[in-house]
Amino acid sequence: LRSCSPGRARRTNASRRACLVARFGDIYAQERLDAETLLRTYISDMEMVQRIIYIAAVESFHAAKMAYRQFKIRVRETLSLGHSGPESLEDTVLDYIVRHEDLYDVQASVNEVIRSMNINPKISFPPEIDFIVISTLIRELCRVAFSMQTLVPPLDIAFGTDGELFSETKYHRSFDSDFTAALVAYHVWPALMENDLVIVKGEAVTKR
């Protein structure tokens, strides 16, 4: 009998995690700023621009996690028919998903995010423009969020609400914040979490 050994996905977990955390930082530094510049050509209100980008990030993670759950169910159903080991079915499913991440229909998630953003009451957009203009940012966020679900444990973003108490462990204050204010006026970028621990701080604006 072959001994049960961890699957390839688990063996590569640490290196994949490091790459994904770095990629999340890159998106904050590059694609987020590109999206900001693009939106500023249509919207003069910087707060609205930053709210749009933050909501795009939140909705991207939500859509990617939903897509991952559905993808995993389909893979498990298919692989369970002929599974005999030595790895557990869960490890076999995870290995398959990691090897075939290109089968993830990222465009369907992008469309889902844009649909959700169109009905979000906190953000508005000039009627002649569509949120599709920031689809590059949304696509990259969906991709990284989907891949983060294949980690053990998975990575996710922190839940943030306007008016919450500012947390030094979770967020950096934006440069235009009131540094004496205790409450978050709005969020610029979500914090990245592993279980309940902050891996990468987000960004928030505090005002009185």
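Student: Is cysteine 19 buried or exposed?

Tutor: This is a predicted model, in which local features need pLDDT of at least 70 and side-chain atom pairs count only at pLDDT 80 or more, while totals for chains, interfaces and linings use all residues. Residues are numbered from 1 along each chain as its sequence is written, and side-chain values use heavy atoms, with hydrogens and water left out. Buried means under 20% relative accessible area, exposed over 50%, and partly exposed in between (1.4 Å probe, protein chains only). Because its relative accessible area is 54%, cysteine 19 is exposed.

Student: How many disulfides does the count come to?

Tutor: A disulfide is a pair of cysteine sulfur atoms within 2.5 Å. The cysteine sulfur closest to that of cysteine 19 belongs to cysteine 142, 20 Å away, which is too far for a bond. By this rule, the number of disulfides is 0.

Student: In what order do the 3 strands of the open sheet stand?

Tutor: Strands are DSSP runs (E, at least two residues), numbered from the N terminus, and two of them pair if DSSP finds at least two bridges between them. E2 and E6 (residues 202–206) pair in the parallel sense over 3 bridges. The pairing in this sheet is mixed, and the order is E2-E6-E3.

Student: Which residues is alanine 181 in contact with, leaving aside its neighbours within four places in sequence?

Tutor: Alanine 181 lies in the loop between strand E2 (171–173) and strand E3 (184–189), and at 2% relative accessibility it counts as buried. Contact means heavy atoms within 4.5 Å. With those neighbours left aside, the contacts of alanine 181 are Arg173, Thr206, Lys207 and Arg208.

Notes:
Helix = DSSP H or I, 4+ residues; strand = E, 2+ residues; numbered from the N terminus.
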